[in-house]
Amino acid sequence: MAKMFGGIFGGRSESALPLYNAVVTRARAPHWYLDGQVPDTVDGRFDMVAAILSFVVLRLEKDPAGAATSALLTEHFVSDMDGQLRELGIGDVVVGKHIGKMMSMLGGRIGAYRDGLAAGDLPPALLRNLYRGVDPGAPAVGHARDSLVAFDAALTALPLDAVMTGQLP
């Protein structure tokens, strides 16, 4: 019974922490900010973490055994964003509203990237979500598109256990 309520009462499993750390590491790769021209700002870094996280969640969705890890991964994201907001000086009174907005943004991105991949047309989702409507030019968007499509293909090829333990391509 205690295990069932662990996430609710602060006893979150650390089993997805290596995966979350791998997501953040991939999102911090310099090529996103140099070749992909993702803005190297607080918002740009959030957008890049959300993009990589979205693709990992989409991979976990492909196998029912990935559902629990997906939920834990999202909990790590919330915890990390909470800490980041507090470091930026956002107080207790409004941090919850910011987290709620970030979760909504993440959900929207997961849907947009899912739809973009299915349609074979990822750039509109990238322009809206990764670049927040500011077109950095075809080479930058092409770099982000090609890199994320390759990441998605490599994730799909990985066994679920490798993904769940943070062995990302």
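A salt bridge is taken here as a side-chain nitrogen of Lys or Arg within 4 Å of a carboxyl oxygen of Asp or Glu. In this predicted model, D43, D47, R109 and R132 are linked in a network of such salt bridges. The structure holds six salt bridges.

R132 lies in the loop between α6 (123-129) and α7 (138-157) and D43 in helix α3, so the pair ties together parts that are 89 residues apart in sequence. Both residues are partly exposed, R132 with a relative accessible area of 37% and D43 with 42%.

A salt bridge also joins R114 and E61, with the closest N and O atoms 2.8 Å apart. This pair links distant parts of the chain, as R114 belongs to helix α5 (residues 92-119) and E61 to helix α3, 53 residues apart. R114 is partly exposed at 35% relative accessibility, and E61 is partly exposed at 43%. In the salt bridge between R145 and D146, the closest N and O atoms are 2.9 Å apart. R145 is partly exposed at 31%, as is D146 at 44%.

Helix α3 (residues 42-61) has 20 residues and spans 28 Å from its first C-alpha to its last, close to the expected 28 Å. The helix is mostly covered, with 16 of its 20 residues buried.

T69 is located in helix α4 (residues 67-87). Its relative accessibility is 12%, and T69 therefore counts as buried, the cut-off being under 20%. Beyond its neighbours within four places in sequence, T69 contacts A16, L19, L60 and M164.

Conventions
Residues numbered from 1 in each chain as written. Predicted model: local features only at pLDDT ≥ 70, side-chain atom pairs only at ≥ 80, totals over all residues. Heavy atoms only, no water. Helix = DSSP H or I, 4+ residues; strand = E, 2+ residues; numbered from the N terminus. Buried < 20%, exposed > 50% of the residue type's maximum accessible area, 1.4 Å probe, protein only. Contact = heavy atoms within 4.5 Å. Expected span 1.5 Å × (residues − 1).
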